[in-house]
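These are my notebook entries on one structure, kept in the order in which I looked things up.

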Amino acid sequence: MKILICGKGGCGKSTIVTLLAREMATRKNRVLVVDSDESNIGLHSRLGMQKPEDFMNYFGGKNLLFEKTKEMKDKWRLDDLPRDYLAEKGNIQLLSMGKIYQFGEGCACPINALSSKFLEILDLGDEEFLIADTDAGIEHFGRGVEKGADILFFIIDPSRESILLAEKVSELGQQVDKPVYYILNRIANQETEKFLLNAIDREKVIAIIPENKEIFISGLAGNEFNMDVEGIKQIADMLESKKKARAKVE
């Protein structure tokens with residue numbers, strides 16, 4: 001199953017990606033975390049890993065990606081991934097699509113093109129999950145990254161921008177025929193929770209993650225996230241349930 005996690009900048013996408021990957025791995029699943037955010041430089045540290053080499057370099061670098069991705073037609077499995085471009089810890093692997101390094105080097109469009117094609121051609125087994133961390137906002141929808149995903153999770157923090165963007169992402173999900181679910185993040189009190197639930201489609205909400213000082217301090221220090229957080233198990237239970245339902249259909 002391929003899960004794509006999106007939201008506005010600073011809403012906690014990478015935090016949820018890390019905690020969810022850890023929880024799914026403890027349930028004996030094989031988890032591939034895909035970092036498709038060209039500006040995120042800290043996801044590997046939250047996973048307790050070394051930063052892997054950019055996957056775009058496997059294809060000759062950013063300038064060649066558009067042509068190379070057009071040539072990617074065969075299906076890939078997790079065991080096909082080049083190990084020199086993976087970081088690993090236990091049942092979790094990390095693949096980083098690419099980053100922006102130089103002033104004036106151009107946009108991240110080729111990196112998004114690689115992410116889109118990779119999600120589309122990757123085949124996963126019953127006990128395998130892909131969790132993708134996207135760049136902030138909704139440009140990745142315009143680049144078609146969501147086409148290869150099975151489920152979209154939109155992270156809502158206590159901000160007007162998240163409320164407005166949630167409705168737009170729901171519309172975009174319908175256009176690509178992908179289910180969209182909401183995760184409320186950094187909720188400090190019942191008043192904030194109630195306000196957000198009244199401002200969005202609460203039927204789409206699958207978890208509420210409370211504000212957590214341990215997460216804040218660990219993120220600030222660049223330490224591995226190894227804490228148990230309320231709401232993450234609920235998300236994992238939902239994914240396990242959908243996995244079982246899909247297996248019965250197939």
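**Entry 1: leucine 20 and its surroundings**

I started with leucine 20, which, once its neighbours within four places in sequence are left aside, is in contact with Ile5, Ile131, Phe153, Ile232, Ile235, Ala236 and Leu239; contact here means heavy atoms within 4.5 Å. The model is a predicted one, in which local features need pLDDT of at least 70 and side-chain atom pairs count only at pLDDT 80 or more, while totals for chains, interfaces and linings use all residues. I number residues from 1 along each chain as its sequence is written, and side-chain values use heavy atoms, with hydrogens and water left out.

I placed leucine 20 in helix 1, residues 13-26, where helices (H or I, at least four residues) and strands (E, at least two) are DSSP runs numbered from the N terminus. Is leucine 20 buried or exposed? I found it buried, with a relative accessible area of 0%; buried means under 20% relative accessible area, exposed over 50%, and partly exposed in between, with a 1.4 Å probe and protein chains only. I also looked up the pair leucine 20 and glutamine 234, which are 214 residues apart along the chain and have their C-alpha atoms separated by 9.9 Å.

**Entry 2: the nonpolar cores**

I then turned to the nonpolar cores, each a set of buried Ala, Val, Leu, Ile, Met, Phe, Trp, Tyr and Cys residues joined through side-chain atoms within 4.5 Å. The largest has 45 residues, and those with the most contacts inside it are Leu32, Phe55, Trp76, Phe118, Leu130 and Phe154. Among the elements that each supply at least two residues of this core I noted strand 1 (2-6), strand 2 (30-35), helix 4 (109-121) and strand 5 (128-133). Apart from it lies another core, of 38 residues, including Ile16, Ala87, Ile92 and Ala207.

For leucine 32, not counting residues up to four places away in sequence, I listed contacts with Leu78, Leu81, Leu86, Gln93, Leu95, Phe118, Leu122, Phe129, Leu130 and Ile131.

**Entry 3: the whole chain**

I counted 9 helices and 8 strands in the protein chain. Its radius of gyration is 17 Å, close to the 18 Å that the globule rule gives for 250 residues, so the chain is as compact as a globular protein of that length; the radius is taken over C-alpha atoms, and the rule is 2.2 Å times the number of residues to the power 0.38. Along the principal axes, the C-alpha atoms fill a box of roughly 50 × 50 × 35 Å.

Buried residues make up 54% of the 250 residues. Of the contacts between residues at least 6 apart in sequence, I noted that 79% join residues at least 24 apart.

I found serine 45 in helix 2, residues 43-46. Which residues does serine 45 touch, not counting those up to four places away in sequence? They are Gly222, Asn223 and Glu224, and for glycine 222 the separation from serine 45 is 177 residues in sequence but 6.0 Å in space, C-alpha to C-alpha.

Lysine 28, in the loop between helix 1 and strand 2, has a phi near 70 degrees, a positive value in a residue other than glycine, and is exposed, with a relative accessible area of 68%. Arginine 186, in strand 7, has a positive phi of about 55 degrees although it is not a glycine, and I recorded it as partly exposed, at a relative accessible area of 33%.
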